[in-house]
Amino acid sequence: MSLVLDGLTLRPDGASQPVRLALSGGRIASAGPDAKRKDRLILPGFANAHDHARPLSPTSFGAAGKPLESWLLRLAAMTRQDPYVASAAPFARAARSGCTSIMAHYTRAQGPMPLPDEAREIGRAARDVGVQVAFAVAMRDMNPIIYGDATPMLASMPAEARKTVEGIFGSPLMPWREQIALADAVAQAAENPRFSVQYGPNGMQWCSRSMLEGIAEASARKGRRVHMHFLETKYQRAWADQNCPQGAARYLKQIGLLTDRLTLAHAVWANDDDLALIAEAGTVIATNASSNLHLKSGIAPIGRAIRMGCRVAIGLDGAAFDEDDDMLREIRLGQFLHGGWGYDCNISREDYLLSASRNGRFANGAADQASLAAGEIADCVEIDLATLDRDAVLPVEPVDYLFARASLAHVARVIADGKVIVEGGKVLGVDLPALEDEMRARYRAQMPERADFLRAWPAFDVALAGWYRERLGCC
């Protein structure tokens, strides 16, 4: 399939320049300056470097306004969905805003099929939407309820509520060696050039040292990337200070996990020692500005991380600011928060945009470096400048409009692997509204199955808050 894109693009200094791209065979066959059209801004495809492929927004299930530690457990209100439908919808939402590469840290399997079979269905959804996907198999072997022994906390709850909670969260966790073997089985069953598999330890507070050492060894032996959460909340920082007195990142380095094969999501509570070691290792930080705000986690020290040499990517985490998986708005918000104050500059707008895509694609196992050069993969986003420049008073550089007001509403077209996957706001490979309507109907019909959990929740939420305030409330 051949395609020609004609418009403006951004130079490294942020100024615009004309570009004409000829696409053929999934690659950029040529890139020249002889474009005439000025109402399109052409950018490399965006990379969503941390997400979970959640079917619908957790806010619709009563999870809003809660810290992560309660929010995660509230997700038990969500019933199971068909894996294909449940993953095609979030992939399509991200694609609609320009994402051509997506991380799916799969922390909640839909079932009831074996995970390798489920991964094949998710790979089919990725193929139909047209995006490249990194699939991280979630792994944990401790602390399923709180960051420690939950017995005293559960004892403070009414008996019926406690019984319900134990029934949901009290099942034995799979031994870590079996979890690594399962991830390898998923890779054997589902991997292809546009669907890669990573090890996905949930986080230090959920994984034993033995598990993390085993993952580090397997990653080194197989060359497989690792994707995990890192110091997302102040309670996780307090847990790390108590259990890893040598320092959180230093602990990961000591067990062989802190390498350039690792992506760390969030890093909201990383300190300078952590950031220095992360930069030295070439580890990627996937920052999630909106999610960190929604879940009361804080504002990550990303500006400082960039100044210290860390590789930074951007993730939507299923919790973009308006819960619409809008990567353009997420890029803008992140740069506003971390770019620098006053005349001080941590990173320019154009560098934040382009390096985040480049680092995100690297973290997601994509083969190219996210540029519009000849020979690179044909992953591109076209922004409608005619709509973006709503006043048309003076000639203004597109980067100014992009960071002032761009959103997914301004995405005219998305091309992935040389194929148009989004046109005029519509995802071409799947019917996104129909997928979401199907899930809404199923969720509504299944909500009675969660009646016991919803009755138990108020007491559970109070007990959780009390435990964290008492045990890990001070950092």
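Analyst: A cavity here is a set of grid points where a 1.4 Å probe fits but cannot get out, and a volume is the space filled by probe spheres set on those points. Please note that this is a predicted model.

User: How many cavities of 30 Å³ or more does the structure hold?

Analyst: The structure holds two cavities of that size. The largest cavity contains about 40 Å³ of space, and the volume of the second largest cavity is about 40 Å³.

User: Which residues line the largest cavity?

Analyst: Its lining is formed by Asn 48, Asp 51, Ala 53, Pro 90, Phe 91, Ala 94, Ile 102, Met 103 and Asp 325. Six of these residues are nonpolar, one is polar and two are charged.

User: Now the second largest cavity. What lines it?

Analyst: The residues are Thr 287, Ala 289, Asn 292, Leu 293, Gly 298, Ile 299, Ala 300, Leu 337 and His 338. The lining of the second largest cavity divides into five nonpolar and four polar residues, with no charged ones.

User: Which helices matter there, in terms of at least two lining residues?

Analyst: Both α11 (289-294) and α13 (327-338) supply at least two residues. With three residues, α11 provides the largest share of the lining of the second largest cavity.

User: Staying with α13, how do its axis and that of α16 cross?

Analyst: The axes of α13 and α16 (residues 398-405) come within 8 Å and cross at roughly 95°. Angles of 65 to 115 degrees count as roughly perpendicular, and α13 and α16 are therefore roughly perpendicular to each other.

User: Which residues meet in that contact?

Analyst: From α13, Leu 328, Ile 331, Arg 332, Gln 335 and Phe 336 meet Leu 402, Phe 403, Ala 404 and Arg 405 of α16. The residues of this contact comprise six nonpolar, one polar and two charged.

Conventions:
Residues numbered from 1 in each chain as written. Predicted model: local features only at pLDDT ≥ 70, side-chain atom pairs only at ≥ 80, totals over all residues. Heavy atoms only, no water. 1 Å grid on protein atoms, 1.4 Å probe; cavity = no way out; pocket = protein on both sides within 12 Å on 5 of 7 lines; lining within 4 Å. Nonpolar A, V, L, I, M, F, W, Y, C, P; charged D, E, K, R; others polar. Helix = DSSP H or I, 4+ residues; strand = E, 2+ residues; numbered from the N terminus. Axes fitted to C-alpha atoms, helices over the stretch in contact; angles between N-to-C directions. Parallel < 35°, antiparallel > 145°, perpendicular 65-115°, else oblique. Contact = heavy atoms within 4.5 Å.
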